[in-house]
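The following note collects points for a colleague who is examining the fold and its packing. Please read it alongside the coordinates.

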Amino acid sequence: MVSDEVKQHSVLVVEDEDNIALALDYLLTREGYSHDRVANGSEALPRIREMQPDLVLLDVMLPEMSGYEICQAMRLDPDMGAIKVLMMTARGSAIERKKGLALGADGFISKPFELGELRAEVRRLLEG
């Protein structure tokens, strides 16, 4: 039973700001995760269903559908219920965090984030 094949974790980034998406792309590529991105809330759920990623990096403020609505829909759908969700928001208040966690997010990070902090949070969710 020798296997050198390690499953590569997949991550879907749901982020409408290109500069943040570029930073996330850089980090995820460096960490060796396979990843994709959608920039619009309404595209997120169909892409999550299709991709079945291990983790969704989910911005709260998105065009057409909020990250909260996406997270809630994921938690109500048995096909997406086990996918980890790390919510990201520029409004990192305690109320925002509580709301995200109450809707089923597995973690919450405030923007702008330190890459080291984000890396640790992604690792905790994917490997812990």
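1. Ile 48 has a relative accessibility of 0% and therefore counts as buried (buried means under 20% relative accessible area, exposed over 50%, and partly exposed in between, with a 1.4 Å probe and protein chains only). The residue belongs to helix α2; helices (H or I, at least four residues) and strands (E, at least two) are DSSP runs numbered from the N terminus. Leaving out residues up to four places away in sequence, Ile 48 touches Leu 12, Pro 53, Val 56, Ile 70, Met 74, Met 80 and Ile 83, where contact means heavy atoms within 4.5 Å. Between Ile 48 and Leu 27 there are 21 residues in sequence and 20 Å in space, C-alpha to C-alpha.

2. On provenance, this is a predicted model, in which local features need pLDDT of at least 70 and side-chain atom pairs count only at pLDDT 80 or more, while totals for chains, interfaces and linings use all residues. Residues are numbered from 1 along each chain as its sequence is written, and side-chain values use heavy atoms, with hydrogens and water left out.

3. The sheet is open and has five strands in the order β2-β1-β3-β4-β5, with parallel pairing; two strands pair if DSSP finds at least two bridges between them. Because β2 (34–38) and β5 (107–110) stand at the edges with a single partner strand each, one side of each has no neighbour in the sheet. On average, neighbouring strands are turned by 20° against each other, direction ignored.

4. Within the sheet, β1 (residues 10–14) runs parallel to β2 and is joined to β2 by five bridges, with Leu 12 partnered by Asp 36. Five bridges also join β3 to β4, again in parallel, and Leu 55 has Lys 84 as its bridge partner in β4. Five of the six residues of β4 are buried.

5. Helix α2 (residues 41–51) lies across β1, β2 and β3, at about 175° to β1. Axes are lines fitted to C-alpha atoms, for helices over the stretch in contact, and angles run from 0 to 180 degrees between N-to-C directions. The axes of α2 and α3 come within 10 Å and cross at roughly 25°. That angle makes α2 roughly parallel to α3 (under 35 degrees; over 145 is roughly antiparallel, 65 to 115 roughly perpendicular, and the rest oblique). In this pair, Gly 41, Ala 44, Leu 45 and Ile 48 of α2 meet Ile 70, Ala 73 and Met 74 of α3.

6. Which residues touch the most other members of the largest nonpolar core? They are Val 14, Ile 48, Val 56, Leu 58, Ile 70, Met 74 and Met 87, in a core of 22 residues. Such a core is a set of buried Ala, Val, Leu, Ile, Met, Phe, Trp, Tyr and Cys residues joined through side-chain atoms within 4.5 Å. At least two of its residues come from each of β1, α2, β3, α3 (67–76) and β4. Apart from it lies another core, of 17 residues, including Val 13, Leu 57, Ile 109 and Leu 125.

7. Most residues other than glycine have a negative phi, and most peptide bonds are trans. Gln 52, not a glycine, has a positive phi of about 50° and sits in the loop between α2 and β3. Glu 64, in the loop between β3 and α3, has a positive phi of about 75° and is exposed, with a relative accessible area of 64%. The peptide bond from Lys 111 to Pro 112 is cis, with omega near -5°.
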